[in-house]
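The following questions and answers examine one structure. Please keep the sequence and the model in view while reading.

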Amino acid sequence: MNDTIIRTENLHKTYTTGKVKTHALRGVDLEIPRGSFSCIVGPSGHGKSTLMHLVGGLDRPTAGRVFIGGEEITGLSGRRLAALRARRIGFVFQFFNLLPGLSAEENVATAMMFAGVPEKVQRDRSRELLALVGLSDKLRAKPSELSGGQQQRVAIVRALANDPDILLMDEPTGNLDSESESEVLAAVAKLHGEGKTVVIVTHNGEIARRAERVIRVKDGIIVEGY
Amino acid sequence: MNIPKLVVKNLTRRKGRFVFTLLGITIGIASFVTLLSLGGGLKKEIRKQAAELGANLVVTPKGWCAYEQVSVLTGEQLPEGIPFSVVGKIAAIKGLTAVPYLTERTAYKNNPVSVIGILPEEMKRFKNWEMEQGKYFATQDEKALVIGSGIAGQFELKPGDELTVKGERFPIRGILKETGGKDDIAVYMPLSVTQKLYEVGSNVSFIAIKVDDIARIDAYILKIQEAANVAVVSDKQLLKSVLAIVGTVSMTLQLIAAVAILAAAFGIINTMMTAVSERKREIGILQAIGAPRGTIFSLFLLESGFYGLLGGIFGVVGGLLFSLFASPYISQNEFTTLIKGGDAAGALDLRIIFGSMLFSVAVSLVSGLYPAWKAARMTPVEAISYE
Ligand SMILES: Nc1ncnc2c1ncn2[C@@H]1O[C@H](COP(=O)(O)OP(=O)(O)OP(=O)(O)O)[C@@H](O)[C@H]1O
Ligand SMILES: [Mg+2]
């Protein structure tokens, strides 16, 4: 088994808005070992989210290559990329992670639907997972009826619903108070303990201290920690 | 979770918008169904009446327009434009039977009633009439009435009763057996009595003609025109001009329905476009948790298709109810004053029902194409970064 689960080769990403070109990434080489807990830090607007999106198959690089578990995903079709996101990668974003029309339970179940899980299993497993993060009494609550911390815990559970290898989080505690933040961090620590590969983009020094590896991004390149 | 469930949840999130958009397509389809069924009913009626006239040719005064010719079928009161002598001249031609009609009008208990002056013996043979109750006219100029079964039923009349026609009282001799057509809703009087009563001299309104050899119909037309200075229309032409008029009417109605449906389609497009832009971020989330573009496309397409399905069902039911209630009033026009029994809703067949539902679904699916395409075309990052 290859112990590098995420690898990028000379990754470039240029956004073109009208005539303006933004070089968000300018040659990123990254290797993340399986089962590790890494943090991506760096100033705002320097390419952290962009890097995460490319690694998770949510966007395509302008140049360079991305490997997940040794398989190159750069040239995959949209459908194959979607399947990859459904089964092998879990995303958590900073805000509004949840589908607002659906309850906590349905949000988790929907993620399983895209991985082809039968409905009966969807229900049992989403209840089980929500219980693990202490949300058994919020199964039917809509996102608008949940606190920020509870919403993020649902989002984490949903990211894990299909038992992915990799959990990618973009400032998951960015808009939480310290109590909610520690709830979320506890959940993350537990996952890492279970062997998941966790990558968190954050400005939060506390999280960065806990991480095994800190990757510092500046001006679209990695300046420390690869 | 499954796709249809997700679609329904999305659909009903904005209750007001859902209801109004649904109402739009429902009204569109309802008007479509109503007009189609009323139009179809009208056509059916006209055909039935033409068949009932039992004639191959109709002789009318020269210079009648299509509308007046059509009135022969509907039993409108017509000008008494043909002298009786013409009837004899035409009847003298070999190979045809000619019967004159004098169509007049009276009122009974505030209802308009058709009075038709006929030659009793000739008419009975021509139509193969049979009696339900009482007797037929005993002589060619008896001052009495024979009435259709519809009239008898409507006013609860029986042989021996009296009926006032144009201020004069006439005894009812008998009631005709039900024919299922407009013969049922007229009052018959010998021609000479009618002519005297309505002071029209020796004139009649039109002459119905049956020919022995239908293949030589053109030759008959020529012979008739040689014998008298009249216009001759064949039942086919008559039917054609009626259907042309009805066709124009129903085409106009269908155009109105088409406009209603078009407006509903734009309502759906508008609602779906709003939904797509409102749910940009959700589209991103769906993509992040593994929804392929095809699924995003079908989510939105099915959502708009649902409007068509529901609107189709409600619209067909609504249209059916409406044409059921409206047909007695709408049929009360120049064409169909006399067809009381003919309800247009009866013409609402399965083809209209399923055709309209399919049409509704098709319209809403087509309306959903562009919004769904917009939704599916969004890149995940574009959708995710949207706040
Ligand atoms: N969809 C886009 N279109 C155009 N430019 C973009 C797009 N997304 C990001 N950028 C630009 O690319 C650069 C990197 O953006 P990115 O979001 O990766 O930064 P970041 O490090 O995550 O910042 P923050 O800490 O504020 O989230 C920025 O200059 C940003 O303006
Ligand atoms: Mg960012």
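Q: Does A:D219 count as buried, partly exposed or exposed, and at what relative accessibility?

A: This is a predicted model, in which local features need pLDDT of at least 70, side-chain atom pairs count only at pLDDT 80 or more, and totals for chains, interfaces and linings use all residues. Residues are numbered from 1 along each chain as its sequence is written, chains are lettered from A and ligands numbered from 1 in the order in which they are written, and side-chain values use heavy atoms, with hydrogens and water left out. Buried means under 20% relative accessible area, exposed over 50%, and partly exposed in between (1.4 Å probe, protein chains only). A:D219 therefore counts as partly exposed, at 47% relative accessibility.

Q: Where is A:D219 found?

A: Phi of A:D219 is near 55°, a positive value in a residue other than glycine. Strands (E, at least two residues) and helices (H or I, at least four) are DSSP runs, numbered from the N terminus. A:D219 is found in the loop between strand 9 (213-218) and strand 10 (221-224) of chain A.

Q: Which value of phi does B:K109 have?

A: B:K109 is placed in the loop between strand 3 (96-108) and strand 4 (111-118) of chain B. At 56% relative accessibility, B:K109 counts as exposed. Its phi is positive, in a residue other than glycine, and is near 50°.

Q: Which strands of chain A stand at the edges of the open sheet?

A: The open sheet has 4 strands in the order 2-1-4-5, with antiparallel pairing. Each edge strand has a single partner strand, so one side is left without a neighbour in the sheet; these are strand 2 (20-33) and strand 5 (71-72) of chain A.

Q: Which residue in strand 4 of chain A is the bridge partner of A:T8?

A: Two strands pair if DSSP finds at least two bridges between them. Strand 1 (residues 4-17) and strand 4 (residues 63-68) of chain A run antiparallel and are joined by 5 bridges. In strand 4, the bridge partner of A:T8 is A:V66.

Q: What distance separates the C-alpha atoms of B:T179 and B:G148?

A: B:T179 lies in the loop between strand 8 (168-176) and strand 9 (186-190) of chain B. B:T179 and B:G148 are 31 residues apart along the chain, and their C-alpha atoms are separated by 8.6 Å.
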